[in-house]
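Please keep the model in view while going through them.

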Amino acid sequence: MTDILVIGAGPAGLTAALYARRGEKEVTVVEKGAFGGQMTFSPRIENYPGFESVSGTELADAMVGQVLAQGASLEPDEIKSIEKTEGGFRAVGEFGSYEAKTVIIAAGAKHRQLGVEGENRFTGEGISYCAVCDGAFYKGKRVAVIGGGNSALQEAVLLSEGCERVTLVQNLDYFTGEQKLVDTLKTKPNVDFITGTVVTEFLGETDLTGIRISGKDGERVLEVDGVFVAIGLVPQNGFASGLVSLDKWGYVPSGENTLTDCEGVFVAGDCRSKGIRQIATAVADGATAALAAIRYIDGM
Ligand SMILES: Cc1cc2nc3c(=O)[nH]c(=O)nc-3n(C[C@H](O)[C@H](O)[C@H](O)COP(=O)(O)OP(=O)(O)OC[C@H]3O[C@@H](n4cnc5c(N)ncnc54)[C@H](O)[C@@H]3O)c2cc1C
């Protein structure tokens with residue numbers, strides 16, 4: 001039995017592993033995809049302290065290397081379910097099962113995709129899911145924001161401050177976010193609105209050059225240099241639903257103390273109910289969760 005099982009090797013899980021090892025606990029990190037998590041999809045990160053500009057894979061490699069050097073065990077596997085046992089917890093994966101005294105859920109979240117032609121090809125290279133992260137790369141350029149909720153409207157407000165033109169494309173005939181944000185956007189001369197319209201294809205050879213959109217007036221091409229898709233996030237917490245409560249959106253409800261409603265289980269990063277989902281906030285959660293888990297084990 002290991003001391004701490006961390007589920008997910010994004011920045012939250014890797015930081016938790018680092019702090020767990022510094023606290024002299026045995027730690028196993030299980031990851032179903034790329035070690036490094038979502039940041040491995042980002043070609044350039046410019047808002048993580050200490051790095052003026054770094055690729056997501058470079059930052060991920062640095063974090064993974066540091067955690068391995070500290071003696072953490074990293075396992076490629078997908079956790080399917082998790083249950084409480086007499087001495088702790090048992091997580092069952094596709095390839096094996098993992099016994100631990102405590103668990104840190106750091107499974108992250110996925111940006112909901114549109115699921116249309118060209119989306120995978122241009123993700124991180126013309127298509128972004130985060131204006132806070134990538135907005136600066138489109139200064140003076142034409143962008144489209146897809147969505148009509150608060151996230152999309154807030155992204156459009158942010159982008160309108162630096163982009164030449166921002167076009168909001170919403171599938172419904174109205175916006176579902178706050179009217180105040182819509183009113184703010186209506187005062188901006190560089191913002192356009194297209195409602196009742198869906199994106200059917202991302203266009204371009206090597207670089208993204210535009211999107212094909214389809215609405216009441218038929219199909220047309222909107223020429224843009226970048227697209228921000230803001231149609232929601234999907235947390236990856238399904239495997240833990242039998243052990244901890246999830247809120248109505250699927251996040252694990254918790255404060256900055258990272259405690260859950262199951263003693264001995266902690267939650268860190270994007271999969272936790274929180275306001276800001278960034279690498280810096282994931283790393284903060286990871287450190288807090290590991291220190292809480294260490295305290296829990298020492299008090300057992
Ligand atoms: C394209 C892109 C660009 C971004 N750019 C920036 C940026 O410039 N600056 C910034 O601060 N933030 C950026 N972000 C956001 C940032 O990457 C996230 O906020 C951060 O990665 C969250 O870290 P996390 O560890 O909580 O989750 P994640 O990074 O999502 O990691 C969670 C990991 O858990 C794994 N996992 C999930 N379920 C299971 C399971 N059942 N079993 C095993 N493993 C599992 C996932 O595969 C994943 O690797 C960007 C995000 C994207 C997608």
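1. The model discussed here is predicted.

2. Gln38 has a polar side-chain atom 2.9 Å from an oxygen atom of the ligand. For Asn47, a polar side-chain atom lies 2.8 Å from a nitrogen atom of the ligand. With Ile79 it is a polar backbone atom that is 3.0 Å from a ligand nitrogen atom.

3. Helix H1 (residues 11–22) packs with helix H7 (residues 279–298) at an angle of about 40°, and their axes are 7 Å apart. The crossing of these two helices is right-handed. On the H1 side, the residues that meet H7 include Ala12, Ala16 and Tyr19; on the H7 side, Ile279, Gly286 and Leu291 are among them. By class, this contact has 12 nonpolar, 2 polar and no charged residues.

4. Helix H5 (residues 150–160) and helix H6 (residues 179–186) have axes that come within 10 Å and cross at roughly 30°. Because angles under 35 degrees count as roughly parallel, H5 is roughly parallel to H6. H5 passes H6 in a left-handed crossing. Asn150, Leu153, Gln154, Ala156 and Val157 of H5 make the contact with Leu181, Val182 and Leu185 of H6. These residues divide into 6 nonpolar, 2 polar and no charged.

Terms used: Residues numbered from 1 in each chain as written. Predicted model: local features only at pLDDT ≥ 70, side-chain atom pairs only at ≥ 80, totals over all residues. Heavy atoms only, no water. Axes fitted to C-alpha atoms, helices over the stretch in contact; angles between N-to-C directions. Helix = DSSP H or I, 4+ residues; strand = E, 2+ residues; numbered from the N terminus. Parallel < 35°, antiparallel > 145°, perpendicular 65-115°, else oblique. Left-handed = near helix turned anticlockwise from the far one by under 90°. Contact = heavy atoms within 4.5 Å. Nonpolar A, V, L, I, M, F, W, Y, C, P; charged D, E, K, R; others polar. Polar contact = N/O pair within 3.5 Å; in protein donor to acceptor, adjacent residues only side chain to side chain.
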